[in-house]
Amino acid sequence: MADSGELRKRTFVVTRFDPDKDQVPKTQSYEVPCRPEWKVLDALNYIKDEIDPTLSHRWSCRMAVCGSCGMNVNGEPKLTCKTSLAEYGDTVEVAPLANFPIIRDLVIEMDGFMEKFKAVKPWVIVAKEKAAEEGTYRQSPAQLAAFKQFSMCINCMLCYAACPVVAKEPDFLGPAAIALGHRYNMDSRDEGAPERNEIFRGEGTVFSCSYANECSEVCPKHVDPAAAINQSKLLAVIDWATSFVVKREK
Amino acid sequence: MTRPSDPQAMTPSKPGRTRTAPPQLPDDFWTRPRMRTYLLFDATGIVYLLVGLIALRVAWALADGAPAWDALLQSFASPGYVLFHILALISAIFVGVRFFRLFPKAQPAQIGPVKPPPPAVLHALLYAAWGGITLVLLAVFGGIWP
Amino acid sequence: MRFEPQEGNPLVEVYRHDVVIVGGGGAGLRAAIAAVEADPKISVAMVSKVYPMRSHTVSAEGGAAAYVPGSEDSLEKHFYDTVKGSDFLADQDCAEYFVEQATPELTLLEHWGCPWSRNDDGTVATRPFGGMTVPRTWYAADKVGFHMLHSLFQHSMRFDRIVRYDENFVTRILVDDGVCRGVVAIDIRSGVMRMFLGRAVILATGGAGKCFPFTTNGTIKTGDGMALAYRAGVGLKDMEFLQYHPTGLPGTGILITEASRGEGGYVLNSEGERFLVTRDYGVGQKAELGPRDMISRAEILEIEAGRGLQGPYGEYVLLDLRHLGEAKIMAKLPFVRELARTYIGVDPVYEPIPIRPVVHYMMGGVDTDIRGATPIPGLYAAGETACVSMNGANRLGSNSLTECLVFGARAGVEAAAYAKGSADGNEARLRSEAETEGARIDALRGRKKGGEKMSVIRHEMQVSMERGCGVYRKQESMNQTVAELAPLKGRYADLVLEDTSKVFNTEVLQALELGNMLDVAESIAIAAAARRESRGAHACRDYPKRNDAEFLHHSMMFFTPAGPRLDKKAVTITRFQPEERKY
């Protein structure tokens, strides 16, 4: 079991920004005595509790499932509750998540993501809703496996911070949103693939992705959004082709 | 430490209640090893553009008759052209290998009744196809076949 | 619908909806969906201090219980298991309603996309769980809360009439003429005060595990809704009953799901002995699948007997999954493996996991009836925040996720119906109350004067609660905790705050949360000290037996300006007369 041994002093260079006081973000350094088993988040909480209560950051579950604590640590998007300090040296840079507007210190604006999220219609679309009395749908383990991986996204947005296309093309739907739309497209209970494929070919087009694969490299939950996006490209094309052959209900 | 992303990156359609600082990228975003590989991968597009222009030149020379054709073939022997074609070959291999590596996970689990073969099989098929087409083309241009 | 705030100096912005829901977790989202489905015309405000997908429902792992049609289970068995698990303190009409509604609720969730794990024939799979005589726990690998929350949240996005106000922190319930009229909240991003006027308000803010130092709960579980209702005059019921989950990681308190025992895991002491089998801890044949309170107590007794292991965060015992094999662990418990490796450096395929009891759930909460209604007209509560009571003195694992759905839906429907038939309050009076609240927050924010540090008071509260209201309680230490909390509240009034900014000021939020926790902690300690018996999760060393003659009632804590007042409320017993709780 991890032992709580010697404390190690590390310097944390943290981005600070208060729109009422600062024109632009700046950095502030803190000396933190770190326990060996600490994650980056433990150091940030130590700073807030013991050194500087004016530091604002988001966090909650501290077990890598709520997705609140995404930040750029030494330039890489990380879940700070899951990232061990043992990976770092004497100086650790903590910045807000890349590619997002910054509200305050380490807190980024999330509503842009929420809009893209909702745009892919992430819910089960069926022509006729089933009543509870009719029981559950039958879904085989294989059918579940077809989309299960893509349902594991915790909305931490690390993929958006890593994606070169998100950095340059504001309209792009982005990895998590496309992966979620794909999750529903692949769910045997859903009938909404034509609608979502049209969205995938639209303004936020999945074809903006040039398969950098950075999103999948940083994803802490192994969702593999790059796989979802590139699968979606193929399916969106097939959907477009079949739409000329098969009559669609609008 | 950071540089700007697109000023509109991840910005909501309606501005929020408070002023935000613009979205940022880490300074070394484009120079990290994985990103360098990816940028190189995309940059090989220039090589293909040039290959396309060379193809036009070949077509032009064909139309102009035998002396123009001979002159063209002679010019291909020059060091510049040889180096370029070696570069084009390396680019094609680099892109091919990376593309083949990422290909299996770009296949949906199922399209209608069709399921893709496992990744090992897909890799084998892709490399076999690549090898096979290369051999056929070498045979054709080498005059061996048909 | 949502009105944009008025121009010209709104000290307080006003938003009008029919129903206002505080909290965006499992119960809150389910209530919102139920309300808009019940009435196609009403608008629902969902006010949460975090974005809904961050709600702590997300961390639940094991499963949700419901009768599976066609199986060997029955509603009667689920009803009996729940009542017995509650040590006969559950209101049996509520427990019966709960088991009846469980299957339709989980079915609806399935229709809304929840990826329940399946049997080969496509039907929903179930697993055994603690205290359940028959396997009836539906599961989605070992991340049920995550899948449930995300399915609910994504489904709720279809309804334009659910208007979300994310990252708005509710600080006060507005009650006018004895009727609930809405809430006052801070917009966390801008610091602006807002008044959400609604004909009905539903509290769904979860429990208060952060009153303790070691808990499975995330930092947002600070008992806000409970404190709000308490200060508005609603009683807090059965606060002394805290569930200690037997398998939490030492130090962090991170949850290792009961499903790891449901799939066959063993609990061992330092001698490698399966003490739940070899020694008599009241769980009988069920062994590791006994109810949580009994297993937690067994672990503490083993540690006290010197058969625990020593670690940097105290003593612990072991959870052994090695015999399940890697394949089964990766199929059924992948998240458990990831958590153990990441947070305690142990791979459960090869080594047993260190575990100890940690605070997990509060059986007690805001006093509601079977409809989710509090005694204040227009004020409702659901989920862990509420105490219906269906869990009585001890909750069975996998009942609470279903509880969020069943009573979230009921509260939503009832609130919608109530909102339709009621009138608005005196807005001028409410606005003035909101403005006073805003001034209070402004005075608190960044007030540099004060001698007390927040982290110190929080830590002292947590240490005191751990000492007095642990798994085993002694009258003396409970009394001591009660005595320690009152001066802590005094010191809280002298808190110093540094952050003067209005934009995303999390320091002032932490201060408000600490105030809520102190009120909740006090209720827990006083109720615990008054219950001179052992029942369910409340195990008092001085009174080791259950005493139905004197204590078969709910405890009620009421806020008064002179201090907390303890009262009692009868238990509704319909079918099952209290008997000895043996497994």
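**Exercise 1.** In which crossing does H1(B) pass H3(B)? Work out the packing geometry of this pair in the predicted model.

*Solution.* Let's start with what to look for.

- Two packed helices are described by the angle between their axes and the distance between the axes.
- Here the pair is helix H1 of chain B, residues 33-63, and helix H3 of chain B, residues 79-102. Their axes lie 10 Å apart, at an angle of about 135°.
- As for the handedness, H1(B) goes past H3(B) in a left-handed crossing.

**Exercise 2.** Find which residues in H1(B) and H3(B) meet, then sort the contact by class.

*Solution.* Take one helix at a time.

- H1(B) brings B:Phe41, B:Thr44, B:Val47 and B:Val51.
- Facing them from H3(B) are B:Leu87, B:Ala88, B:Ser91, B:Phe94, B:Val95 and B:Arg98.
- Sorted by class, this contact has seven nonpolar, two polar and one charged residues.

**Exercise 3.** Now hop over to chain C and describe how domain 2 touches domain 3.

- The domain assignment puts domain 1 of chain C at 12-242 + 361-430, domain 2 at 250-357 and domain 3 at 437-548.
- Taken over C-alpha atoms, the centres of domains 2 and 3 of chain C are 30 Å apart.
- Five residues from domain 2 of chain C and five residues from domain 3 of chain C make up the contact.
- On the domain 2 side, helix H8 of chain C (residues 292-307) gives the most, with four residues.
- That side of domain 2 of chain C splits into two nonpolar, one polar and two charged residues.

Definitions and conventions:
Residues are numbered from 1 along each chain as its sequence is written. Chains are lettered from A and ligands numbered from 1 in the order in which they are written. This is a predicted model: local features need pLDDT of at least 70, side-chain atom pairs count only at pLDDT 80 or more; totals for chains, interfaces and linings use all residues. Domain bounds come from an automatic or database domain assignment. Two residues are in contact if their C-beta atoms, placed from the backbone, lie within 7 Å. Helices (H or I, at least four residues) and strands (E, at least two) are DSSP runs, numbered from the N terminus. Ala, Val, Leu, Ile, Met, Phe, Trp, Tyr, Cys and Pro count as nonpolar, Asp, Glu, Lys and Arg as charged, and the others, Gly among them, as polar. Axes are lines fitted to C-alpha atoms, for helices over the stretch in contact, and angles run from 0 to 180 degrees between N-to-C directions. A crossing is left-handed if the near helix is turned anticlockwise from the far one by less than a right angle, and right-handed if clockwise.
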